Amino acid sequence: MKNGFKDKLSERVFLALALSSISAIALITVFIVIQGAPIIGKVGLRDFIFGMTWAPSQGKFGIFPMIIGSLSVTLGAVVLGVPVGICGAVFLAEFAPAAVRNLFRPAIQLLAGIPSVVYGFWGLIFIVPFIRDNLGGPGLSILAGSIVLAIMILPTIITISEVQILALPRQYKEGALALGMTHWQAIYSVQLPAAKSGIVAAVVLGIGRAMGETMAVIMVLGNAPGIPTSILDPVRTLTTNIGIEMGYAAGDHRQALFATGIVLFVIIMILNITAQFITRKK
Amino acid sequence: MPDKFKIEKLSFYFKDKRVINSLDLSIRANEILSVLGPANSGITTLLRTLNRLCDTDHDVRIEGDILMDGKSIFAPDISVTELRRKVGMVFEVPTPLPLSIFDNIAYGLRVGGRIGKKEAAERVEYALRTAALWDEVKDRQHIPAMSLSGGQQQRMCIARVIAMDPQVILIDRSCSGLDPISTAKIEESLSQLKERFTIILAPHNVQQAIRVSDRVAFMLMGSLVEEGTGEKVFGDPDDRRTSDYITGRFG
Amino acid sequence: MKFIAILLLAVLLCSCGPGTRSAVVVAGSTSVQPYAEVLAEEYAKRYPGRDVDIQGGGSSAGIRAAQSGTADIGMSSRGLSGDELQMWSAEIARDGLAMIVHPNNALDSLTPEEVRAVYTGRVTNWGELGGPEGRIHVITREEGSGTRGAFEDMLMEGQMITLKAIVQNTNGSVRQLVSNDASSIGFISLGLVDDTVKALQLDGVEATGENVTNGSYMLFRPFIFVSEGEPDGSVMQFIEFTMSPEGQAILAGEGLVSSGEVARR
């Protein structure tokens, strides 16, 4: 009788703990939605998402430039980071001698542990002046943000891709080699296609991280709320929009920032679901 | 008949453990040689050394030599990829590329350079016929290879090797897990194949060796115990261990 | 279980009474904040034991905090409006606003129309202003900033600052950006101008303290202490210190300008 009671008690306790963590997330979600929904009602969903002008002091709450900003900076990060990341993973899985591998792996973990604000600061000191002096524009730009974010998502892409490649059965590679393919041919004809869904999931996770970054990019993007016309233009993302203005916002302005949070939430949820769908399809 | 391969005092160490023990063996051209033995006898290792797939293993040491057509396959001026095109291999499990059947088989042809559509189609057909797969796939050569059954995939892998026009075909227990019909079809094509190629086979059981071999080599724990013609080794083996293995006393 | 809950409640209630805050709480504009902090420091040195707690949050937040009683004094770096005018207020100093460019910039002076043209995005090239060719990198503060509000009120005449302008959220970062970028223009507190940047003349009038006090340089904003109702006790003591010659000297030493007239209500 006593043992049955203990079992039931621990079951109840675990259930309560699990529920409390889920309910914390649910509460935050509900809070954000409650705070942000009224302004969407006032402005209209279409005008909010596709409105070109963000000028809270004049009651204009269009976040389209910020959506463009988030997308362009993230796209840049993907274009820069994914090829480097996959090549890095291939190098570690296929070419690196054990000594090199044992040096690189912890180094990459270290990279992942650096706080984003440090990345942002580094970007401000090195990347921004470099772009300004060599490529033009104020240096605070989509390009600067993309470079910083690309470096930030590298650990995610490299680690997960490497695991995917190492997990492939040996016969995939050996079958290709036995046909007389060179090592490189075997990698891009057989191994990478076979590891494709895992690598894609890693990339989607990297994209999710890039879209959610605030501190790393707030210092290097320039935060101009207009639509950019080149990668050297300053830009503002959904995340930095909230970061920059939250301290001073009140009333409608503050609601609009919460509403920006709702949009972000939805986008990142879609990304995560996509990643799960891709990995499950395997 | 000239020797295709001459294996001279070959020893193979994997992480300081000796897997092949001073092996001396000659393999004649255009014959089917079965290399028999219980698990961990070094048979797969031997096959993987013949096409130097062992190069991908780490912590490996090789002593002795293997000569193909009189030249060492370990010579520094030997191109490993060239060697592997001449010495093709079919594995225990099918290894289709993520391509269509046609592209799988044509892959090796294209790697060497451009090849005309007509010539490619002809060579693919020849390969599929020889591998006893043509009738089943002739009308759907462009479907993904992965959609074939296991037995069909394995025959496709054989066709793929044939299309490369090698000199030697290594077959490492490739009929394990195949249905008897597929196995029979493959064994049937082997006798045709030996007219053009030298075949070294690690059979998945003794009965298969009895069915198809010209010559047999029996290996035990990395050493060569006995070798000779099929009739001799199966009918009247010299070594007690050989007869024990063949009759199933140990396995 | 119930007993513990009641005990907790009792402790909480006890700690919610007045008189547990011995420090005077001053909150509001981040522009005023550094100056208020210096004042508070000197005040505490002068009168040991009299603590003043300075917080930021922005002019609007500070005024609201004073209204609600969360803070004893609200700091504002912009003029009051609407129901804020009902509050007790004192202008403690004036903060000149300087238009700054890189020290190597060819220009020395701009007219208000030119500044407006640049900040609305109508003029995009230094060449149009008489300087060498080069795209103008416009820098502004974030919406809701008192400094930006003052700039807009005084110079923009209701026109919108271009959405392409780079936004930074402190005076310091604006100054740093301008000092590094030869093509940029920005605005910061006059008291924060140093030799890493050049302050432009407005209509030929130098951006200096005297010109702010005598009114010939029109770009300044008032630094105001507000309170809900007439302040008294320790709160009034701090305000009086601020308005005293000693306090004013401290502020002047930090780069602020004394008010043209002392407004006290």
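## A β-α-β unit in chain B

Strand E7, helix H7 (residues 180–193) and strand E8 of chain B together make a right-handed β-α-β unit. This description, like everything that follows, refers to a predicted model. Within the unit, E7(B) and E8(B), the latter covering residues 198–202, run parallel and are joined by 5 bridges. One of the pairs across these two strands sets B:Asp172 opposite B:Ala202 in E8(B). E7(B) is also joined to E6(B), again in parallel, by 4 bridges, and B:Met89 has B:Leu170 of E7(B) as its bridge partner.

## Chain B as a whole

The secondary structure of chain B comes to 10 helices and 10 strands. Its radius of gyration is 18 Å, close to the 18 Å that the globule rule gives for 251 residues, so chain B is as compact as a globular protein of that length. Taken along the principal axes, the box filled by the C-alpha atoms of chain B is roughly 55 × 40 × 35 Å.

Of the 251 residues in chain B, 41% are buried. When the contacts in chain B with a separation of 6 or more are considered, 70% of them are accounted for by residues 24 or more positions apart.

## An antiparallel sheet in chain B

Chain B also has an open sheet of 4 strands, in the order E2-E1-E4-E5, with antiparallel pairing. The edges are taken by E2 and by strand E5 (71–72) of chain B, and each has a single partner strand, so one side of each is left without a neighbour in the sheet. Between strand E1 (residues 3–14) of chain B and E2(B), which run antiparallel, there are 8 bridges, and one of the residues concerned, B:Lys6, has B:Ser26 as its bridge partner in E2(B).

B:Val19 is found in strand E2 of chain B, which covers residues 17–28. Is this residue, B:Val19, buried, partly exposed or exposed? With 19 other C-beta atoms within 10 Å, B:Val19 is partly exposed, because a residue counts as buried if 20 or more such atoms lie within that distance. Leaving aside neighbours within four places in sequence, the contacts of B:Val19 are with B:Phe12, B:Tyr13, B:Phe14, B:Gly42, B:Thr45 and B:Gly222. B:Val19 and B:Met221 are 202 residues apart in sequence, yet their C-alpha atoms are 7.3 Å apart in space.

In soluble globular proteins, nonpolar side chains tend to be buried together. In this model the largest nonpolar core has 192 residues, and the members that touch the most others are A:Ala144, A:Val148, A:Leu149, A:Val220, B:Ala159, B:Ile200 and C:Met99. Helix H6 (residues 142–166) of chain A provides the largest share of this core, with 15 residues. Another core, of 16 residues, lies apart from it and includes A:Ile39, A:Trp54, A:Met66 and A:Ala259.

For A:Val148, leaving aside neighbours within four places in sequence, the residues in contact are A:Tyr119, A:Gly120, A:Gly123, A:Ile127, A:Ala216, A:Val217 and A:Val220.

## Where the chains meet

Which of the 2 pairs of chains in contact share the most contacts? They are chains A and C. No contact joins chain B and chain C, and the closest C-alpha atoms of these two chains lie 49 Å apart.

On the side of chain A that touches chain C, helix H5 (116–134) and helix H11 (238–245) of chain A each supply at least two residues. The residues on this side of chain A divide into 13 nonpolar, 8 polar and 2 charged.

The contact between chains A and B takes 17 residues from chain B and 14 residues from chain A. Helix H2 (80–86), strand E6 (87–90) and helix H3 (101–111) of chain B each supply at least two residues of the side that touches chain A, and the residues of that side of chain B divide into 9 nonpolar, 6 polar and 2 charged.

Definitions and conventions: Residues numbered from 1 in each chain as written. Chains lettered and ligands numbered in written order. Predicted model: local features only at pLDDT ≥ 70, side-chain atom pairs only at ≥ 80, totals over all residues. Contact = placed C-beta atoms within 7 Å. Nonpolar A, V, L, I, M, F, W, Y, C, P; charged D, E, K, R; others polar. Pairing = 2+ DSSP bridges. Right-handed = clockwise from strand over helix to strand, strands pointing away. Buried ≥ 20, exposed ≤ 12 C-beta atoms within 10 Å, placed from the backbone. Core = buried A, V, L, I, M, F, W, Y, C linked by C-beta atoms within 7 Å. Rg over C-alpha atoms; globule rule 2.2 N^0.38 Å.
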